[in-house]
Amino acid sequence: MQGLDGLRGLAALYVVLFHCWLYAFPGYPNSAAPPWLDVLMFGRIAVVFFLVLSGFSLAISPARHGWRSDGVLRFLRRRAWRILPPYWAALILSLAVSWLVVPASHNGPPTGASVLVYGLVAQDVFTAPTPNGAFWSIGVEAELYLVFPLLLLVRRRFNATVLILCATLPVIGLGLTAAGASPAEGDNLLAPHLFPVFVAGVVGAGIVAASDRVRRLPWGWFAVLAALPVLALGVVRGEVWTVNHYFWVDLAVAPAMTMLLASVATGRPAALVRFLTTRPLRSLGDFSYSLYLIHLPIVLVVIRRVAPHFVSPGLHTFCFTLLVGLPVSVLAARLFSQVFELPFKRNRSWQSLIGRSSGVQPFPSTTVPEEQNQPPVPETTPSRGNSPVRSVT
């Protein structure tokens with residue numbers, strides 16, 4: 001949908017900047033980075049945005065058809081076809097870099113367990129040394145896809161309020177019963193906590209299919225009003241407090257993100273939509289999934305293997321990474337997407353894919369427009385075990 005790809009591309013670019021910052025200034029969240037760079041320390045929020053956007057995009061078509069899908073197995077097959085090929089290709093690349101160049105985890109290089117766990121996209125359920133810290137969110141997405149048909153059923157049989165309450169109240173209860181009412185996150189089992197933000201996106205998709213009166217409401221201003229209290233609290237309590245309370249911050253920012261998506265999807269504000277639909281942002285959005293998948297091994301190689309030969313640690317390494325690692329990541333992701341992502345976006349079957357590759361157009365054509373959803377994404381979510389990224393991005 002118009003403008004959503006641009007938002008997706010900007011979120012992916014922010015995750016890259018976050019990882020450049022994260023690994024150039026060790027000690028997260030109490031790093032030695034200059035205060036004026038603190039704006040880059042919230043990679044986790046970008047991943048939450050990916051999850052909201054994923055739920056929103058997935059639900060647009062069902063919302064327009066009475067919250068009905070075209071079948072559970074068909075939906076899961078399409079998601080697997082769209083998500084897994086580039087993910088597995090990125091996994092192979094990440095394993096090679098981790099084994100041969102630089103480990104992606106402070107726990108050491110990946111093991112056989114890593115290959116099994118990450119190959120099965122089970123990293124949110126089982127713990128193993130990560131080959132790529134950004135992959136944690138892919139495991140979360142996979143679990144959310146499994147429950148998506150159930151969300152549509154609840155929305156169709158009841159209403160949006162019931163769906164929101166069912167998704168949110170158990171998570172709030174879990175948070176309030178934790179020590180200090182601030183649950184500590186581990187390496188995995190993040191999907192239950194992030195379930196409400198995905199549901200927020202699903203519910204928000206109903207605005208796109210609502211009456212003209214609802215669609216014309218000032219959703220952009222509603223998003224600003226919803227975001228202001230969260231921003232004010234973050235400013236008052238500080239960046240470190242915000243990072244240490246992501247459990248609650250994630251839930252608090254989801255409504256504002258949902259209303260921003262609704263605003264853009266309904267074409268307002270026009271200036272923002274025009275900006276998001278410029279050619280560079282649309283292009284970035286096209287390969288944003290690839291950028292998310294492969295940027296971290298590149299950034300780590302630049303910071304830990306290349307930069308030490310040219311610049312001193314800290315700010316000089318960060319600037320060097322922006323000048324070298326950022327453009328290389330974007331270029332590599334664009335090339336990667338041409339081989340491992342875009343063919344699976346443009347074709348729904350091996351027959352169509354092989355026919356197009358050989359120059360033979362299948363009959364009838366099975367080439368279809370890209371589904372409106374794609375994940376993170378976000379690494380929508382870091383951990384504090386295998387990689388510092390998993391609990392922050």
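Student: Where does P29 lie?
Tutor: P29 is in the loop between helix 1 (4-24) and helix 2. Keep in mind that this is a predicted model.

Student: What is the peptide bond from Y28 to P29, cis or trans?
Tutor: That bond is cis, with omega near 0°. The bond from R268 to P269 is cis too, with omega near -10°. P269 sits in the loop between helix 11 (246-265) and helix 12 (270-276).

Student: Back to helix 2. At what angle do helix 2 and helix 5 pack?
Tutor: About 30°, with the axes of helix 2 (residues 43-64) and helix 5 (residues 136-157) 11 Å apart. So helix 2 is roughly parallel to helix 5. The crossing is right-handed.

Student: Which residues meet there?
Tutor: From helix 2, they include F50, L51 and L58. From helix 5, they include V140, L144 and F148. The contact residues divide into 12 nonpolar, 2 polar and 2 charged.

Student: New topic. What is the phi of W67?
Tutor: Positive, about 60°, although W67 is not a glycine. W67 lies in the loop between helix 2 and helix 3.

Student: Is W67 buried or exposed?
Tutor: Buried, because its relative accessibility is 8% and the cut-off is under 20%.

Student: And R77, which residues is it in contact with, leaving aside neighbours within four places in sequence?
Tutor: R348 and S349. R77 and R348 are 271 residues apart in sequence, yet 9.5 Å apart in space, C-alpha to C-alpha. R77 lies in helix 3 (residues 72-100). R77 is partly exposed, at 45% relative accessible area.

Definitions and conventions
Residues numbered from 1 in each chain as written. Predicted model: local features only at pLDDT ≥ 70, side-chain atom pairs only at ≥ 80, totals over all residues. Heavy atoms only, no water. Axes fitted to C-alpha atoms, helices over the stretch in contact; angles between N-to-C directions. Helix = DSSP H or I, 4+ residues; strand = E, 2+ residues; numbered from the N terminus. Parallel < 35°, antiparallel > 145°, perpendicular 65-115°, else oblique. Left-handed = near helix turned anticlockwise from the far one by under 90°. Contact = heavy atoms within 4.5 Å. Nonpolar A, V, L, I, M, F, W, Y, C, P; charged D, E, K, R; others polar. Buried < 20%, exposed > 50% of the residue type's maximum accessible area, 1.4 Å probe, protein only.
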